[in-house]
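Subject: Structure for you to look at

Hello,

Here is the structure I promised to pass on. My notes follow it.

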Amino acid sequence: MAYLALYRMFRPTTLNDVVRQEHIVTVLKNQIDTGRIGHAYLFCGPRGTGKTSIAKIFAAAINCDTPVNGSPCGKCERCKALKDPSNLDITEIDAASNNGVDEMRDLREKVQYPPVAGKYKVFIIDEVHMLSPGAFNALLKTLEEPPAHAVFVLATTESQKIPATILSRCMRFDFKLIPQGDLEDRLRFVFDQIGKKYDDEAIAAIARAGAGSVRDMLSVADTCVSYASGKLTYADVTTVLGNTDFSAVASLCNGILQGDTGSAFEKTEAFLAAGKSVGMLLKDVMNFLNACAVAKTCRDGKTILAFPDAMYGEVANVAKATDGHRLLRVMEIFARVETELKYSTSPRILFETAVLKASMPQEDYDIESLISRIAALEKQIAEGNFTVNAGGMSALNNKIVPAKAEPIKQETPPPKAEVKVVKEEFEPIFDAPPDDEQTGGNVYFGGFEPPAPPKVKEVEKPAPAPVKAVKPTVGGGGKATFGGFLRTIRKIARNGVLLTLCMDLDGEYDGDVFALYTTSDTIYRSLTKPEHYALIGQAFAEMGLTDGQFEIRLRGKQSDNFQKMVNEIKGTFEGVPVEIK
């Protein structure tokens, strides 16, 4: 006997064998038990989820004399007759190759003939969305009012292509993708049946490659069984799938996430020069980035990913070293490339451009990129990883950034001779004259000059103690500055969005009030929200300004103080016209 593929060998023969799809199985079982059989069914859903298998089981069950739990017994005369390939009571039609009007006309003629061995004549039309508009029109009337012995089961993966007139005449069932846990259980059952030994990591990798489809998973498993003569390992599955070395992909993604453009581009060139497909390399990169997202956000990430310990350790290290906003932005860049790759004539250049863009966040003006750069700077500032050079700038990871403020150093001044005024005692030459009654001052007579000024004598004093350097602060009740406000709001808010909004403002004094101006009504409304206004007030409080000493204003509109002044003028000069310009 010829070898049967695993997906054909283990195709379900009863409704209980179907993996998941409980919502559909329950309805069909109840219909078979009660005898309330519809005339038209539409099975929609992704490939490999059991549409055709359930259609065959259902077609045999409604013709069975003694169905068992909604499934054919396989022992009665009708079940045996339906297994004969020459029986025409169950007819399968491939709409992809029989999609014309003539085929549907032929179907309408066959529907009129009663069944030979069973109670119903069942027509299973697979990939029904491939029918032409004329074929749908030819099928329409028959599908609406078929003979009592006819049942139609339509199966499709693209229900949106089916006309609404057909959809409204069918009982619709939507199939869902199979969860990975159920795929793994099914694959273990298959391997146990054929006597194949395996590692749990290999099972998880094959199930993940199936992407929710039982048939896709069993097709990959069939290849893996032929590849590995002994125990099936994770390395065997990786080789069969054609995946790149995991550590090499981890190194490439780490270089991209850390902004090491040179290393990332060199590794990309090495992969492509070795003959690696751009599409497969992109898939490996996206899978690794997705694993990093799971490891960074999920508490039981190791259980979800089901990676070997060494591989999960690499994923966890890369995820821990990167910022969440940075990871999100890189995933967005490569996800966009996956779509553009289908229409590109130069896939290599497209992928290399994405690597450069993702590894150079300083050239990316997306909001997620800007927030990640701000977070990285704040982290470096908190750790104090700055070195000031002669140019007044600071070197950080081979990039030039503004230098961190250093405490003011004050040298001890050299000792100075202190000048002290000392009054010498002397005998007065004359008695002090009386005060002048007119001028109120002293008057000297006889050409006498006033007394000589006191003598000055220098006295040395020990040098003063050195003055300790004190780092100036922003607050202290002094005049606020816009730069000081930005530094304070960054320290307090820890909110990249609020800081980004504040950077678009202008700040200046209006009398004793420090005003923040914006020309955008959206920014004004956002900053005056209670949560943002409270943080701004806290920042000004540290700078020595209380509520009422600062305002957020929108240019182009009159402020409350201005309107108050206008009202006072109108009240003072009643009857006098006041014009505002």
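Leu516 stands opposite Ile552 in strand E13. Please keep in mind that this is a predicted model. The pairing of strand E12 (residues 513–518) with E13 is parallel and runs over five bridges. Both belong to an open sheet of three strands, in the order E11-E12-E13, where the pairing is mixed. Its edge strands are E11 (506–510) and E13 (550–554), and each pairs on one side only. On average, neighbouring strands here are turned by 30° against each other, direction ignored. Helix H23 (residues 530–542) packs on this sheet. H23 touches E12 and E13, and its direction makes about 135° with that of E13.

Next, the five-stranded sheet.

This sheet is also open, with the strand order E2-E3-E4-E1-E5 and parallel pairing. At the edges stand E2 and E5 (171–174), each with a single partner strand, so one side of each has no neighbour in the sheet. Neighbouring strands are turned by 15° against each other on average, direction ignored.

Strand E1 (residues 40–44) pairs with E5 in the parallel sense, over four bridges. Phe43 stands opposite Phe173 in E5. Two helices to check against this sheet are H5 and H6. Helix H5 (residues 101–111) packs on the sheet and touches E2, E3 and strand E4 (150–156). The direction of H5 makes about 160° with that of E3. Helix H6 (residues 133–144) packs on the sheet too, touching E1, E3 and E4. The direction of H6 makes about 130° with that of E4.

Glu92 has Ile124 of E3 as its bridge partner.

How buried is strand E3 (residues 121–126)? Five of its six residues are buried, so E3 is largely enclosed by the rest of the structure.

Two backbone spots deserve a look. Glu127 lies in the loop between E3 and H6. Glu127 is not a glycine, yet its phi is positive, about 55°. Its relative accessibility is 23%, so Glu127 counts as partly exposed; the cut-off for buried is under 20%. Arg20 sits in the loop between helix H1 (6–9) and helix H2 (22–34). The phi of Arg20 is near 55°, again a positive value in a residue other than glycine. With 29% relative accessibility, Arg20 counts as partly exposed.

Last, a helix pair.

Two packed helices are described by the angle between their axes and the distance between the axes. How do H8 and H9 cross? The axes of helix H8 (residues 180–194) and helix H9 (residues 200–210) come within 9 Å and cross at roughly 120°. H8 and H9 are therefore oblique to each other; roughly perpendicular would need 65 to 115 degrees. The crossing of H8 past H9 is right-handed. From H8, the contact is made by Gln180, Leu183, Glu184, Leu187, Arg188 and Phe191. From H9, the residues are Asp200, Ile203, Ala204, Ile206, Ala207 and Arg208. The residues of this contact divide into seven nonpolar, one polar and four charged.

Best wishes

Definitions and conventions
Residues numbered from 1 in each chain as written. Predicted model: local features only at pLDDT ≥ 70, side-chain atom pairs only at ≥ 80, totals over all residues. Heavy atoms only, no water. Axes fitted to C-alpha atoms, helices over the stretch in contact; angles between N-to-C directions. Parallel < 35°, antiparallel > 145°, perpendicular 65-115°, else oblique. Left-handed = near helix turned anticlockwise from the far one by under 90°. Contact = heavy atoms within 4.5 Å. Nonpolar A, V, L, I, M, F, W, Y, C, P; charged D, E, K, R; others polar. Pairing = 2+ DSSP bridges. Buried < 20%, exposed > 50% of the residue type's maximum accessible area, 1.4 Å probe, protein only.
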